[in-house]
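I'll jot down what I look up as I go.

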Amino acid sequence: MRLYFSVSFIFFGLISLQLPPLSTQQATETCSSTLPLNDLTFDSTLLQCVEAWTPQNYILRYAKTVENTWSFILSAPDSGAYIGIGFSTNGQMTGASAVVGWIPTDGRGQAKQYLLGGKSPGEVKPDQGDLKIVNGSLKIESVSSRLYMSFQLTAELPRQSLLYAMGPAGFIPSSPGFTLREHRDMTTTTINYNTGSQSVVKGSPHSKLRKTHGLMNMFGWGILIIIGALVARHMKQWQPTWFYAHIALQTTGFLLGLTGIICGLVLENRTDANNVSKHKGLGITIFVMGILQVLALLARPDKDSKYRKYWNWYHHNVGRVMIILAISNIFYGIHLADAGSSWNGGYGFVVAVLVLAAIGLEVRKFKNK
């Protein structure tokens, strides 16, 4: 019955994790949404709209409002980070010029042009670049949990290769240097200003590593380890098959999880992430508990030993706590990565199936007693 209460705790915890916060719901916008800005210096009814970066809900509105003058409004969820749009001649970051904006703690928005001279923070120069921004047109404000950055460019036709970036959560550029840290995520698109159509060229250079980190931990700690625990608790009538299946599942899950942790450490180093300390701490705790479980197997007493009941209590309960921490940390990692509802929904569905299976097996076991 102790496992029954554990899986029930997981199930109801998952329900609460699946409910998005109210601010996130309010921050969602589409091209059909009403533009909540009233003090624009140009006619907003002329603006075309593009859902520029769907996973991050970036919306770009633009129009040629007067001769050789293009007006832009970039909107994105206010996540306490900077947002940016770059204009590139060749689709590459290096050499492009970008408009970057943020809201400091005093609430007064700041936006600047940057020259993207290279991929390191020291090569990204504020107040430089070759965009001809109309004086007084560059500003950013926060409305209903979204950032709205507006500006006007003098150009016959703006560059069609556009870069979008989201800064690391919790970091705001500050004077005197206004240095940017490496973006949390980015994408590159090509736009046709006449039709409003666009194509995605590429995502973040770390997107594959981030995805590998998530998938390895999800399948390792968050799925196989759970299945292995269910096998050990409910399949003992099939001796010795259950034992070898349990060992195989837990070993595979541990190795996949270890791979995921290594990917996470590499990712943290490459992105200079500063908001993952809790996620990292939980991951290391789960890893240590996994090592303890492996060592416990080597020290397992015989069935008739008087110490076997204490070993069983330790092995079972450490495993349960590890599973609860792993599921929580996976959802927390999805939240930190802004991976979206597809990851939350997909993993939530898998875990919900496992939880319901565990409850069903517990009920059957209780009836057969």
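Predicted model: local features only at pLDDT ≥ 70, side-chain atom pairs only at ≥ 80, totals over all residues.

**Entry 1: a salt bridge to begin with.** I started at E29, which forms a salt bridge with R146, the closest N and O atoms being 3.2 Å apart. I count a salt bridge when a side-chain nitrogen of Lys or Arg is within 4 Å of a carboxyl oxygen of Asp or Glu. E29 sits in the loop between α2 (22-27) and β1 (48-53), while R146 is in strand β9 (residues 146-154), so the pair ties together parts that are 117 residues apart in sequence. Helices (H or I, at least four residues) and strands (E, at least two) are DSSP runs, numbered from the N terminus.

Are these two buried or exposed? E29 is buried at 4% relative accessible area, and R146 is buried at 2%. My cut-offs are under 20% relative accessible area for buried, over 50% for exposed and partly exposed in between, with a 1.4 Å probe and protein chains only.

**Entry 2: ground rules.** Residues are numbered from 1 along each chain as its sequence is written, and side-chain values use heavy atoms, with hydrogens and water left out.

**Entry 3: other salt bridges.** How many salt bridges does a search of the whole structure find? It finds eight. One of them joins D106 to R108, with the closest N and O atoms 3.3 Å apart. Here D106 is partly exposed at 45% relative accessible area, and R108 counts as exposed at 61%.

I also looked at K112, which forms a salt bridge with D127, again with 3.3 Å between the closest N and O atoms. This pair links distant parts of the chain, K112 being in strand β6 (residues 110-116) and D127 in the loop between β7 (124-126) and β8 (139-143), 15 residues apart. K112 is buried, with a relative accessible area of 16%, but D127 is exposed at 56%. Back to where I began: salt bridges that share partners join E29, R61 and R146 into one network.

**Entry 4: the whole chain.** I stepped back and found seven helices and 12 strands in the protein chain. Of its 369 residues, 44% are buried. I then looked at contacts (heavy atoms within 4.5 Å). Among those in the chain with a separation of 6 or more, 63% are between residues 24 or more positions apart. The accessible surface comes to about 19,100 Å², and 60% of that belongs to carbon and sulfur atoms. These areas come from the Shrake-Rupley method with a 1.4 Å probe; for residues, only the protein chains shown count as cover.

Entry 5: Helix α7 (residues 341-367) has 27 residues and should span 39 Å at 1.5 Å a residue; its end C-alpha atoms are 38 Å apart, which agrees. The expected span is 1.5 Å times one less than the number of residues. Which residues of α7 are buried? I listed Y347, G348, V351, L354, V355, A358, L361 and E362. An α-helix has 3.6 residues a turn, so residues three or four places apart point the same way.

**Entry 6: a nonpolar patch.** I284, V288, I291, L292, L295 and L298 make a nonpolar surface patch of about 520 Å². Patches take residues with over 30% relative accessible area and no salt bridge, joining like charges within 9 Å and nonpolar side chains (Val, Leu, Ile, Met, Phe, Trp, Tyr) within 5 Å. I checked L292, which is in helix α5 (residues 277-298) and is partly exposed at 37% relative accessible area.

**Entry 7: the histidines in the record.** The unreviewed UniProt entry lists H213, H246, H279 and H315 under "binding site". UniProt positions are given in the numbering used here, feature names are shortened, and annotations may be inferred rather than shown by experiment. I picked H246, which lies in helix α4 (residues 241-271) and counts as buried at 10% relative accessibility. Leaving out residues up to four places away in sequence, H246 touches G228, A229, V231, A232 and H315.

Y244 is in helix α4 too, but Y244 counts as exposed, at 56% relative accessibility.
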